[in-house]
Amino acid sequence: MASSTTQSIIGAVLVIFLLFSIADSKTLKRDVKALNEIKASLGWRVVYAWVGDDPCGDGDLPPWSGVTCSVQGDYRVVTELEVYAVSIVGPFPTAVTNLLDLTRLDLHNNKLTGPIPPQIGRLRHLQILNLRWNKLQDAIPPEIGELKRLTHLHLSFNGFKGEIPKELAYLPELRYLYLHENRFVGRIPAELGTLPNLRHLDVGNNHLVGTIRELIRIEGSFPSLRNLYLNNNFFTGGIPAQLANLTNLEILYLSYNKMSGTIPAGLAHIPRLTYLYLDHNQFTGRIPDAFYKHSLLKEMYIEGNGFRPGVNPIGLHNVLEVSDTDFLF
C-alpha cells in the first residue's frame, strides 16, 4: 500500500513538474517566427483566435487554437498544427516547413491553392499529413519521400496532376495513402508494393492506366495491404491469379475500369476478403462457386460486365464509403 501511495505521489510530482517546465520554458524563436508568418498570411477566421505573439502561450494567454507544443531541452517547440475547415484561402503557407519538429500537420477542408512546396521534405518528424479537400494543384514534389516517419498521407479531393511519385515508396512507415479524386495520370509505381506497412491504398477517381499484373510484379508485393481502391480509372487487362497472394486483402474495388477476362478462383481463397467490386468492366465467363461459399464475403457487385446468364451478385448494391477519419489513428 505504501509503495502504491509513493508511486502516486511521484507521478503527481512529475506531472506538476512537467506543467511548470512547459510554462517556464521559452518557445523556440524559429517556431514563434514561423507561426506569426502563418498568422499574417491566413484569413480572419484563424487570426481572431490566435491572441498574443507566442503560439505556445504567454503568461495568462493559452496556446493558439490548433497549436500543440512540447518541451525539448530548454525550449518549447510546436509539434502539431491543426487548422482545418476554416476556409483558409491562398497558397500553401511555406512558413509551415520551418516548424521542424512537427509530427502532425492537418490543414484539410480549406481552400488552399497551388503546389505543395518542395520544402515539405524538411519536416523529418512528420507522421500525419492531411491536406484533403483543398484546391491544391500540380505534381506531388519528390521531396515527399524524405518524410521517413510518415504513417498517414491524405491528399484526396484536390487537383493534383502528373504521375504518382515513386518516392512514396521511400516511406517505410506509411500505412494509409489516400490519393483519390485528383488528376493523376500514368501508372501506379510498382515500388509502392515494397512498403512493408501499407494497409490502405486509394487511387480511385483519377486518370490512371496499366494493369494489376504490373502493379504487383515485384515478388512479395503489398504484404500488409487490406484495402485496394483502383475504381474509376482506365485500368485494363485481367485479374492475375497472383493477386491471391495478397492474403490480408479485405476490400478490392475495381469498379468502372476497362478490365477484362475471367475471375480467377484463387481470389475466393483470400481469407479476409469482405467486399469485392467488379462492376462496370468487361469481365466475362462465370463467377467460381467458391466466392458464394466464402464465409466473410458480404458484397460482390458484378453488373455492367459480360458474365454468363445466371451469375448473381452478393449483397445489396450500396456505394461503399469509408471515411478518412476511420484510419486517422
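A: Two strands are said to pair if DSSP finds at least two bridges between them. The model under discussion is a predicted one.

Q: What makes β18 and β22 the edges of their sheet?
A: The sheet is open and has three strands in the order β18-β20-β22, paired in parallel. Strands β18 (260-261) and β22 (306-307) each have a single partner strand, so one side of each lacks a neighbour in the sheet.

Q: How do you know that β20 and β22 pair?
A: Pairing needs at least two bridges, and two bridges in the parallel sense are found between β20 (residues 282-285) and β22. Gly 285 has Phe 307 in β22 as its bridge partner. The two strands therefore meet the definition of a pair.

Q: Which strands does β3 pair with, and in what sense?
A: Strand β1 (residues 26-27) runs parallel to β3 (residues 75-82) and is joined to β3 by two bridges; Lys 26 stands opposite Tyr 75 there. Strand β2 (residues 67-72) pairs with β3 in the antiparallel sense over six bridges, with Cys 69 opposite Val 78. Strand β5 (residues 104-106) runs parallel to β3 and is joined to β3 by three bridges, and Glu 82 stands opposite Asp 106.

Q: Which residue takes a positive phi in the hairpin of β2 and β3?
A: Gly 73 does, with a phi near 70°, in a hairpin that has two residues between the strands.

Q: Why is the pair of Trp 50 and Trp 64 called stacked?
A: Rings pair if their centres lie within 6.5 Å, and planes under 30 degrees apart count as stacked. Here the centres are 4.7 Å apart and the planes lie at 20°, so the pair is stacked by this rule. Both Trp 50 and Trp 64 lie in the loop between α3 (44-47) and β2, so their pair ties together parts that are 14 residues apart in sequence. Trp 50 and Trp 64 are both buried.

Q: What makes the rings of Trp 133 and Phe 157 a stacked pair?
A: Their centres are 4.0 Å apart and their planes are at 5°, so the pair is stacked. Trp 133 lies in the loop between β7 (128-130) and β8 (135-138), and Phe 157 in the loop between β9 (152-154) and β10 (159-163), 24 residues apart.

Q: Why are Trp 133 and Phe 157 called partly exposed?
A: The term covers values between the cut-offs of 20% and 50% relative accessible area. Trp 133 has 45% and Phe 157 has 25%, so both count as partly exposed.

Technical notes
Residues are numbered from 1 along each chain as its sequence is written. This is a predicted model: local features need pLDDT of at least 70, side-chain atom pairs count only at pLDDT 80 or more; totals for chains, interfaces and linings use all residues. Side-chain values use heavy atoms; hydrogens and water are left out. Helices (H or I, at least four residues) and strands (E, at least two) are DSSP runs, numbered from the N terminus. Rings of Phe, Tyr and Trp (its six-membered ring) pair if their centres lie within 6.5 Å; planes under 30 degrees apart count as stacked, over 60 as edge-to-face and the rest as tilted. Buried means under 20% relative accessible area, exposed over 50%, partly exposed in between (1.4 Å probe, protein chains only).
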